[in-house]
Amino acid sequence: MSAVQQRGSLTQIELAGVTGLSPATVSNIVKELTSAGVLHTSPSTRSGRRALQVTLARNLGLVAGVHFGTRSLRVALADASMQVLADQRMPLAPDHRADTGLRRAALLVAEMVESLDARPEELLAVGVGVPAPVDVRSGRIATVGMLRGWDGVAVTDVLAEELGTPVTVDNDANLGALAETRFGAAAGHDAVAYLRVSHGVGGGLVLGGRLVHGRAGVAGEIGHVTIDENGPICRCGNRGCLETFVGAPVLLGMLASSHGHLTLRDVIARAQEGDAGCRRVLFDAGQHLGVAAANLCNLVDPEIVVVGGQLAEAGEILLGPMRTVVEQRTVPSTAGPVEVVASRLGAAAEVRGALAVALDTAGVSGSLGVTV
Amino acid sequence: MTGAPPEDPPGPVPAAAVHALRGVSKNFGGVRALVDVDLDVHDHEVLAVVGDNGAGKSTLAGVIAGAYRPDAGRLLLDGAPVVLGSPGEARTRGIAAVFQDLALCDNLDVVENLFLGHESTRGALLDEVTMERQAWELLGQLGATVPSVRQPVRTLSGGQRQVVAVARALLGSPRVVVFDEPTASLGIRQTAEVLNLVERLRERGHAVVLISHQATDLQAVADRFVVLRLGRVGGEFDARAVGYEDLLAAMTGAALPTDRKSSR
Ligand SMILES: [Zn+2]
């Protein structure tokens, strides 16, 4: 059950491989759970051979994933087999506030459930990602000043009351890390380091298939690793953090006098068209990211480093210099340099991670009709 | 004032202003709807105009889009004085408006609505296939999710109708797109679609003027704010630096800002 739920959909043969059970045993279990209405099977072909695709039955209900970014909100709905049924993005104000943002998210979830002709009670659980450290046990934002207007807000309580379902909250980069590990560029890898580079810089670590949260949710905050002891003051109160070198406001600020008012997307597009200034800014950002990632690699030695967030759309312009610096600054290994790749899920990584934790929550709370 | 542009030389206008208003006033039967309004509209920028009911927002939209002729003051396009006699004339000069009452024909399908009135301005009738292809192209650029372009618009949702209205405004590639209360009476999903649309227009380089009393919606997409109060400009703010309270204060006149935090 857990294997099907985590991967959304897989064949009986894959299921045997993942669970370590014999194909005959898997076949029997699948048959039993299908007749109980928990699993759904459909014929498919894999490598030219007939196979039986196994998913969770649709009638088990819906889960919602919510991702709050610095300037936008994204909500997705999926069924119990992780098939995304609705996906909606919405811009948010700079320094948007928790009360307005959570209200908009709740309304959006409710309207999207309705648009699928589903009843409100079919929503089993909601997963939420926010761009700040989160104490996952209490569902509260665990820092002050990192996300203005959200300090100490009990996201779980507010949304659970609005929507009447269990709500799980985590840092958005953590959810991106989880999604890339389960469904994306890091599938099959352990350990996984994920860097989310957009307006701000976040990170997530997955060890043994589980997210590392640390004491109070600050684990993986690579944006606040020191790059220059005498560098500029960061919004976290520290000095010379990675984010003060590669955060979007900094990159855009460097181009303001020569290129005028640009967005991050403009910078990436112009760099790809060959604009020297934009290429240089991304090249330097890649090197700074490389320094921070190398430090992380020396501590954790992950199998793969995945780079997500909007800046990852720059591709090799950013990843090339980053990879070089990571290679230079990590302890040489007989296993060769660590793999540094772009996110496969792109802008959808965080919301997919939110859906995944929602589904995990639904399983744990027994809403799926079985305990996984 | 007659149709001839005023004699005096235009005031200082930043080179980037596509469309500018200088000292514009407009009365309706003794009611001063706009008083001495200066306004600059730039490419690649969302200018939000906010104000209470009766602050003059819709009149301002009408002046920018050629629906109302000002009683005093000048309109400048790329720094050159112009007189906009009608919305049609504004449109030929690259200014398109999407007004509150969407003015779509319910019984006609999406393609027919898009090209309604456009055939004659182009001098030649477009064939059905070309029109349908252009319709899909335009809707695709706007990221629209309209099920079929051969569906009567009355069957579409409020958000989808808004997209069709915007698509119609975008035929002929205007430089300035004016929205008057685009999210009023829309649900949250449709509001989201409209705001995404505004962002896409800015990304494509259009100057967007967004007029609304929904400050939360405006703050989500605006680059710059102009607050209207009793027909006058009550304040101008950089959207990145302004808070809801500042806007509210300027709207109600609680504390008129002394320094105009203009972004450019
Ligand atoms: Zn910091």
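1. A:Cys236 is partly exposed, at a relative accessible area of 32%; on this scale buried is under 20%, exposed is over 50% and partly exposed lies in between, using a 1.4 Å probe and protein chains only. A:Cys278, by contrast, is buried at 0%, and both A:Cys234 and A:Cys241 are buried.

2. This is a predicted model, in which local features need pLDDT of at least 70 and side-chain atom pairs pLDDT 80 or more, while totals for chains, interfaces and linings use all residues. Residues are numbered from 1 along each chain as its sequence is written, chains are lettered from A, and side-chain values use heavy atoms, without hydrogens and water.

3. The zinc ion has as protein donors A:His224 (ND1), A:Cys234 (SG), A:Cys236 (SG) and A:Cys241 (SG), 1.9 to 2.3 Å away. Donors here are N, O and S atoms within 2.8 Å of the metal (3.2 Å for Na, K and Ca); water is not among the atoms, so sites may look incomplete. Their spacing along the chain is H-x9-C-x1-C-x4-C.

4. The angles between the four donor atoms run from 104 to 120°, so the arrangement is tetrahedral (all angles between 85 and 135 degrees).

5. Zero disulfides are found over all chains, a disulfide being a pair of cysteine sulfur atoms within 2.5 Å.

6. A:Arg74 is in strand 5 (residues 72–79) of chain A; strands are DSSP runs of E, at least two residues, and helices runs of H or I, at least four, numbered from the N terminus. The A:Arg74 side chain reaches the backbone oxygen of A:Ala347 at 3.4 Å.

7. In helix 12 of chain A, 13 of the 16 residues are buried, so the helix is largely enclosed by the rest of the structure.

Conventions:
Polar contact = N/O pair within 3.5 Å; in protein donor to acceptor, adjacent residues only side chain to side chain. Tetrahedral: all angles 85-135°; square planar, octahedral: opposite > 155°, others 65-115°.
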